[in-house]
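Here are some questions and answers for a reader meeting this structure for the first time. Please look over the sequence and the model before reading on.

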Amino acid sequence: MNCPYCNKEMKKGAISAKSPPLWTTRNKATIFKRKDEISLCNFVGTEFSAAYYCDVCNKIIVDLNETVSYLDLD
Ligand SMILES: [Zn+2]
């Protein structure tokens, strides 16, 4: 994936966290996501939404349509 800001090739990885990472607008996120929250990994934490990092623009773009297995990460 190329960065939409500078068009440089982005580095593929994943967003990982000890507790299930969520996209949320609430300040009290819980393990069990609500309908308006978006989980960035599967329930057991072995599959993550793909995330691409640009070290020029210092931005990360998460692709919710693509997953990365933790086995494929370094
Ligand atoms: Zn960039």
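Q: Is K12 buried, partly exposed or exposed?
A: This is a predicted model, and in it K12 has a relative accessibility of 46%. Buried means under 20% and exposed means over 50%. K12 therefore counts as partly exposed.

Q: Which residue forms a salt bridge with K12?
A: The closest N and O atoms of the pair are 2.7 Å apart, and the cut-off for a salt bridge is 4 Å.

Q: Which residue forms a salt bridge with K8?
A: K8 is partly exposed at 34% relative accessibility, and K8 lies in the segment before β1. Its partner lies in the loop between β4 and β5, so the pair ties together parts that are 47 residues apart in sequence. The closest N and O atoms are 2.8 Å apart, and the partner is D55.

Q: Of E37, is the side chain's residue buried or exposed?
A: E37 meets R26 in a salt bridge at 3.7 Å, N to O. R26 has a relative accessible area of 24% and is partly exposed. For E37 the relative accessible area is 3%, and the limit for buried is under 20%. E37 is therefore buried.

Q: What is the arrangement of the four donor atoms around the zinc ion?
A: The protein donors are the SG atoms of C3, C6, C54 and C57, lying 2.3 to 2.4 Å from the zinc ion. In sequence these donor residues are spaced C-x2-C-x47-C-x2-C. The four donor atoms subtend angles of 103 to 119°, and four donors count as tetrahedral if all angles lie between 85 and 135 degrees. The arrangement is therefore tetrahedral.

Q: Which strand gives the most to the nonpolar patch?
A: The patch on the surface is formed by W23, I38, Y53, I60, V62 and L64, with about 530 Å² of accessible area together. One of these residues, I60, lies in the strand asked for. With three residues, the strand that gives the most is β5.

Technical notes
Residues numbered from 1 in each chain as written. Predicted model: local features only at pLDDT ≥ 70, side-chain atom pairs only at ≥ 80, totals over all residues. Heavy atoms only, no water. Patch = residues over 30% accessible without salt bridge, like charges linked within 9 Å, V, L, I, M, F, W, Y side chains within 5 Å. Areas by Shrake-Rupley, 256 points an atom, 1.4 Å probe, with all protein chains shown as cover. Salt bridge = Lys/Arg side-chain N within 4 Å of Asp/Glu carboxyl O. Helix = DSSP H or I, 4+ residues; strand = E, 2+ residues; numbered from the N terminus. Donors = N, O, S within 2.8 Å, 3.2 Å for Na, K, Ca; no water. Tetrahedral: all angles 85-135°; square planar, octahedral: opposite > 155°, others 65-115°. Buried < 20%, exposed > 50% of the residue type's maximum accessible area, 1.4 Å probe, protein only.
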